[in-house]
Amino acid sequence: MFKERKTHNKYSKKLKQSNYTLKYGCFGIKVSSFGRLTKEQCDSLKWLISKKLKYLTNNKKSFRFWMPLSLNFTLTKFSLESRMGKGKGSIYTHAAYVRPGFILLEFDNITEQQMKKLFFYLVKKISFKIVLIK
C-alpha cells in the first residue's frame, strides 16, 4: 500500500491528458466555470445519474456513462479548537478542481430527448455552470 500524500498546490498547470473532447460517448456535459468536486459529491452524482437514467429509460440498463475525472487533490483539516502552527492537519477527503471546458460526464445509448431531461435535472444539482454538447 502506498502512503497518501498531502498536496500543496491546488492542481497542476497542465493536464496529463486532454479532456476537452468527447472520447467515449455521443453526448457530454462540459463545465463552463471553475469549481471543485469532492469524493462524496462525485459518488452522489453518479448515484443520482444512474437513478434518473433508469427512470428515463423505463428501467432498461442499455445506457452507459463515464466520469473521466481523477481526484488528484487531498483536502486537510485541523480540529476546531487547535492552536495555530504545528503543521498541516489530517486528510479528510480527496477532491478535483475543474476548469472551464473540462468534460465532466459522457453518455452513450440514450436519446437526445432523454439527454435534455437529464441535463435540466443536473443543472439544479451541480454547483457550477454546465453545458450540453454532442
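Helices here are DSSP runs of H or I with at least four residues, strands are runs of E with at least two, and both are numbered from the N terminus. One thing to keep in mind throughout: this is a predicted model.

**Exercise 1. Find the place of Thr 57 and decide whether it is buried or exposed.**

Step 1: Look between helix 1 and strand 3, because Thr 57 sits in the loop there.
Step 2: Check the accessibility. The cut-off for buried is under 20% relative accessible area, and Thr 57 comes in at 8%, so it counts as buried.
Step 3: See what surrounds it. Leaving out residues up to four places away in sequence, Thr 57 touches Phe 63, Ile 110 and Gln 114.

**Exercise 2. Work out the order of the strands in the open sheet, and say which ones stand at the edges.**

Step 1: Read off the order: four strands, arranged 3-6-1-7, with antiparallel pairing.
Step 2: On average, neighbouring strands are turned by 15 degrees against each other, ignoring direction.

**Exercise 3. Line up strand 1 with its partners, residue by residue.**

Step 1: Start with strand 7, which runs antiparallel to strand 1 and is joined to it by four bridges. Across this pairing, Ile 29 stands opposite Leu 132, and Lys 30 is opposite Val 131.
Step 2: Move to strand 6. It pairs with strand 1 over four bridges as well, in the antiparallel sense, and Gly 28 faces Glu 106 there.
Step 3: Ask how enclosed the strand is. Four of the five residues of strand 1 are buried, so the rest of the structure largely encloses it.

**Exercise 4. Describe the surroundings of Ile 29.**

Step 1: Check burial. Its relative accessible area is 0%, so Ile 29 is buried.
Step 2: List some contacts beyond four places in sequence; among them are Phe 102, Leu 104, Phe 107, Met 115, Phe 119 and Leu 122.
Step 3: Zoom out to the largest nonpolar core, which has 26 residues. Ile 29 is one of those with the most contacts inside it, a group that also includes Leu 69, Leu 122 and Phe 128. Elements giving two or more residues to this core are strand 1, helix 1 (39-56), strand 5 (90-98), strand 6 and helix 2. Helix 1 supplies the largest share, five residues.

**Exercise 5. How do helix 1 and helix 2 cross, and which residues meet?**

Step 1: Get the geometry. The two axes come within 11 Å and cross at roughly 145 degrees, and helix 1 passes helix 2 in a right-handed crossing.
Step 2: Find the residues. From helix 1, those taking part include Leu 45, Ile 49 and Lys 52; from helix 2, they include Gln 114, Leu 118 and Tyr 121.
Step 3: Sort the contact by class: eight nonpolar, one polar and three charged residues.

Notes: Residues numbered from 1 in each chain as written. Predicted model: local features only at pLDDT ≥ 70, side-chain atom pairs only at ≥ 80, totals over all residues. Heavy atoms only, no water. Buried < 20%, exposed > 50% of the residue type's maximum accessible area, 1.4 Å probe, protein only. Contact = heavy atoms within 4.5 Å. Pairing = 2+ DSSP bridges. Axes fitted to C-alpha atoms, helices over the stretch in contact; angles between N-to-C directions. Core = buried A, V, L, I, M, F, W, Y, C linked by side-chain atoms within 4.5 Å. Left-handed = near helix turned anticlockwise from the far one by under 90°. Nonpolar A, V, L, I, M, F, W, Y, C, P; charged D, E, K, R; others polar.
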